[in-house]
Amino acid sequence: MPPVKKNSWPQSADDSTIADARCGLSVADLKQSFLNNLFCGMGRVPMAASRNDLYTALALTVRDRVFKQSVRTMENYAAQDARVVAYLSAEFLPGPHLANNLLSLGIGEPTRQAMSELGLNLDELIEQEEEPGLGNGGLGRLASCYLDSLASVEVPAVGYGIRYEFGIFDQTIKDGWQVESTDKWLRFGNPWEIARPEIAYDVKFGGRTETTTDAQGGYRVRWIPGTVVKGVAFDTPILGYHVGTCIHLRLWKAEAVESFDFAAFNQGDYYQAVESKMQSENITKVLYPNDEVIQGKNLRLQQQFFFVTCSLQDMIRVHLLLKRPLAKFHEKWAVQLNDTHPAIAVAELMRLLVDEHTMDWDTAWRVTQNTFAYTNHTLLPEALEKWPVGLFGHLLPRHLEIIYEINRRFLDEVRAKFPGDDARLVRMSLIDESGDRYVRMANLATVGSHHVNGVARLHSELLVRTVMHDFAELWPNKFCNVTNGVTPRRFVAVSNPPLAQLITEGIGDGWLRDLDQLRKLEPLADNPAFQKKWRAMKLTAKRGLATLIEQRTGIKVNAESLFDIQVKRLHEYKRQHLNVLHILTLYLRLKRDPKAEVPPRTFIFGAKAAPGYALAKLIIKLINSVAAVVNNDPVVRDRLKVVFFPDYNVKNAQHIFPAADLSEQISTAGKEASGTGNMKFALNGALTIGTLDGANVEIREEVGAENFFLFGLDASQVEELKSHGYQPHAYYEQNPTLRAVLDFIASGALAGGDPSLFRPLVDNLLDHDPFLVLADYQAYVECQEKVSSLWRDPQAWTRKSILNAARMGKFSSDRSIRDYCAQVWNIKPASARSESR
């Protein structure tokens with residue numbers, strides 16, 4: 001084969017021959033590219049093409065233009081020799097890509113016209129896209145908002161995660177119960193990703209270690225694994241908004257090193273011939289296997305180590321390819337650990353540097369500590385990951401040795417700072433030895449990182465006062481706050497085009513890159529003409545959701561009623577059951593007095609419960625049972641409606657957030673780290689009813705206390721009540737309205753006369769009530785009366801709705817990323833670097 005003459009290649013991604021051939025942005029170019037992809041790329045003709053074929057052809061058409069930006073970005077970053085952020089997360093919830101990429105490229109209208117000229121409806125093609133099943137809830141959606149902002153703010157970055165073949169689960173509701181089915185999000189392929197089979201790394205598990213000495217007499221450890229699998233890269237481009245910057249989400253798929261045992265096949269053992277392939281691929285089969293059994297725990301730890309080692313090996317490969325010394329690895333890579341799932345990275349980077357690249361321990365530890373930063377997402381001690389030492393050592397024997405050595409040196413440092421304080425050593429140790437021995441991953445992440453951040457101001461304050469108190473006393477400068485944010489591109493421009501258009505008509509289009517510009521809306525909040533347009537925009541969104549609700553559930557709702565919405569993961573601390581108690585309070589009031597002043601209200605829930613979380617699944621059943629009674633009662637059905645919207649995900653959320661009048665953010669104070677749904681609702685003009693929990697505190701400060709429905713105990717009052725011995729049964733005895741509601745649930749009236757169905761939930765509230773539902777009930781009901789009162793005044797409600805949206809500038813994920821750059825990563829965005837030059 002003759003040598004390739006690279007000097008005859010295009011010199012950059014901007015070469016006109018490339019641009020003209022595949023990347024033009026005119027209507028004619030888009031039509032031609034679409035037809036080329038349909039005919040030549042997919043071998044389809046229009047008469048035989050399915051809607052998915054047509055969607056795929058359009059996705060490939062847009063992808064060509066996205067990857068042109070990707071190549072240009074890589075060229076620019078290589079020329080700048082920039083420090084790169086590597087965002088490690090076990091979850092990403094990007095949502096559908098097509099509409100977002102059309103927005104970022106600025107070709108939405110030309111594409112719509114091109115499809116229309118071909119007799120196609122762009123909205124139908126957008127709706128065809130399958131949601132990537134790469135995450136569960138807020139953690140994964142936050143990671144995806146941050147990738148969007150890293151690209152839009154022009155920070156050199158790459159996201160690293162797992163290419164799950166199956167997502168967490170698809171949810172259907174049968175007889176009121178959640179039913180889980182396999183989320184086969186890849187069944188039609190994924191046109192946005194590109195496989196990189198040449199980028200693959202060996203991943204070791206099990207086996208044993210051996211000690212040796214090197215040629216210089218130094219102590220060395222060799223890990224002899226029991227099994228080896230291969231991690232293969234798949235890249236998805238993440239395009240910045242109108243900046244020409246495109247970063248990558250690199251996901252790892254597990255494969256067998258040898259996928260077929262030919263010798264076993266020839267001997268007739270057909271199962272053994274492919275056994276290695278099946279076992280290896282199990283690692284990336286499904287998001288979050290059930291870890292209540294030991295096999296599930298083993299697989300989950302395998303998943304975490306698998307994607308971490310592939311990612312670190314990938315960074316080291318690139319680092320060495322650019323001829324950089326590994327002793328300066330931390331100067332070129334800022335690695336962010338999104339929660340504790342990737343915390344094993346601390347031990348793995350040490351292993352790679354010390355064992356594979358023969359770096360001395362002290363230098364390797366300096367590099368490691370200066371490479372990692374850790375984001376904590378929870379104050380719940382039970383949610384801080386711990387792994388049984390036996391399981392950990394069986395799966396990762398060398399890493400357990402390294403953790404023991406890190407722990408020995410770390411505890412020596414603690415002893416020197418706090419002599420004689422053995423209790424502190426027990427609390428801070430990387431190994432929990434209070435009973436069965438566990439590896440504490442949050443402690444490992446904290447010790448191995450240069451910064452630890454919380455995700456809302458209250459959360460960060462509680463973090464250093466509670467679960468990380470000892471570490472904050474040792475290293476007070478290590479802890480900081482970066483309040484979460486959301487991208488306005490997806491959650492306004494893509495989700496709510498009428499709102500985006502109305503805002504742009506009022507203040508121009510700069511707000512999508514600088515969300516603080518929304519403040520310019522404030523003078524319009526009292527403008528009658530603008531208020532009228534705002535109400536019309538909201539009603540359009542509500543009618544759209546009402547249509548979708550009827551299609552998905554068969555329930556007809558009044559779009560002019562107050563849409564009271566709570567959508568989020570189902571957990572007791574998020575208190576969906578407090579919402580239900582209020583619904584039943586209104587229901588029983590109307591049953592007693594059908595003429596009672598209760599404005600028409602539609603209560604909408606969306607939530608998935610973990611398959612093994614029995615009480616959460618019972619709450620879903622309760623919501624649907626309440627819906628069945630309320631919606632079919634002629635006395636109230638024109639006043640109250642209850643809807644459980646199934647299979648809540650990003651795609652469905654894009655229909656829900658724009659339609660909300662009231663946002664339910666009612667978690668027990670001190671339990672929610674931040675929340676981001678609260679931000680998305682307010683950005684779309686919903687008013688919030690909530691506690692002083694998570695980012696609610698900062699949202700209330702920004703929008704104004706008078707524009708926020710506050711109720712309930714604050715975090716210090718929660719702690720005080722619990723410390724004095726909380727007695728939930730006393731609230732039941734003292735409050736006749738609450739007693740009537742709980743007795744109604746316990747009576748079996750919601751369960752076809754079966755009093756036992758919801759007895760576990762009622763008993764839990766009366767005997768334990770760990771999240772103080774009964775303590776906050778009366779304040780919540782009274783606050784809801786204020787909601788109803790304001791709703792009767794459309795002008796006053798609309799004014800507050802406009803002001804909520806106008807004052808949400810702080811909660812852009814662009815601001816969050818700039819905070820990380822300044823406080824944690826010590827990086828200037830590319831645009832800032834070019835401006836400084």
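Modeller: Lys538 is buried yet has no salt bridge, and Asp661, the nearest side chain of opposite charge, is 5.2 Å away. Buried means under 20% relative accessible area, exposed means over 50%, and partly exposed lies in between (1.4 Å probe, protein chains only). A salt bridge needs a side-chain nitrogen of Lys or Arg within 4 Å of a carboxyl oxygen of Asp or Glu, and for charge Lys and Arg count as positive, Asp and Glu as negative, while His and the chain ends are not counted.

Biologist: Before I go on, what kind of model is this?

Modeller: This is a predicted model, in which local features need pLDDT of at least 70 and side-chain atom pairs count only at pLDDT 80 or more, while totals for chains, interfaces and linings use all residues. Residues are numbered from 1 along each chain as its sequence is written, and side-chain values use heavy atoms, with hydrogens and water left out.

Biologist: Back to Lys538, then: which backbone oxygen does its side chain reach?

Modeller: The side chain of Lys538 reaches the backbone oxygen of Asn684, at 2.8 Å. That is a polar contact, a pair of N or O atoms within 3.5 Å; within protein, one must be able to donate a hydrogen and the other to accept it, and residues adjacent in sequence count only if both atoms are side-chain atoms. Lys538 itself lies in helix α22, residues 528-553, where helices (H or I, at least four residues) and strands (E, at least two) are DSSP runs numbered from the N terminus.

Biologist: And which residues is Lys538 in contact with?

Modeller: Leaving aside neighbours within four places in sequence, Lys538 is in contact (heavy atoms within 4.5 Å) with Pro658, Ala659, Ala660, Asp661, Asn684, Gly685 and Ala686.

Biologist: OK, on to real salt bridges: how many are there in the whole structure?

Modeller: A search of the whole structure finds 52 salt bridges. One of them joins the side chains of Arg409 and Asp362, at 3.1 Å from N to O. Arg409 lies in helix α15 (residues 397-417) and Asp362 in helix α13 (residues 361-371), so this pair ties together parts that are 47 residues apart in sequence.

Biologist: Is Asp362 buried or exposed?

Modeller: Asp362 is exposed, with a relative accessible area of 52%, whereas Arg409 is partly exposed at 33%.

Biologist: Which salt bridge does Asp647 form?

Modeller: Asp647 forms a salt bridge with Lys608, the closest N and O atoms being 3.0 Å apart. The pair links distant parts of the chain, 39 residues apart, with Asp647 in the loop between β19 and α25 and Lys608 in the loop between β18 (601-606) and α24 (614-631). Both Asp647 and Lys608 are buried.

Biologist: What about the backbone at Asp647?

Modeller: Asp647 has a positive phi of about 60° although it is not a glycine. Asp339 is another residue other than glycine with a positive phi, near 75°; Asp339 sits in the loop between β10 (333-338) and α12 and counts as buried at 10% relative accessibility.

Biologist: You mentioned α12, so how many of its residues are buried?

Modeller: Helix α12 (residues 345-356) is mostly covered, with 11 of its 12 residues buried; among them are Glu348, Arg351 and Asp355. Just after α12, Thr358 takes a positive phi of about 50°.

Biologist: Last stop, the surface: which residues make the nonpolar patch?

Modeller: Phe39, Val45 and Met47 make a nonpolar surface patch of about 350 Å². Patches are made of residues with over 30% relative accessible area and no salt bridge, where like charges are joined within 9 Å and nonpolar side chains (Val, Leu, Ile, Met, Phe, Trp, Tyr) within 5 Å. Accessible areas come from the Shrake-Rupley method with a 1.4 Å probe, and for residues only the protein chains shown count as cover. Phe39 is placed in helix α2 (residues 27-41) and is partly exposed, with a relative accessible area of 39%.
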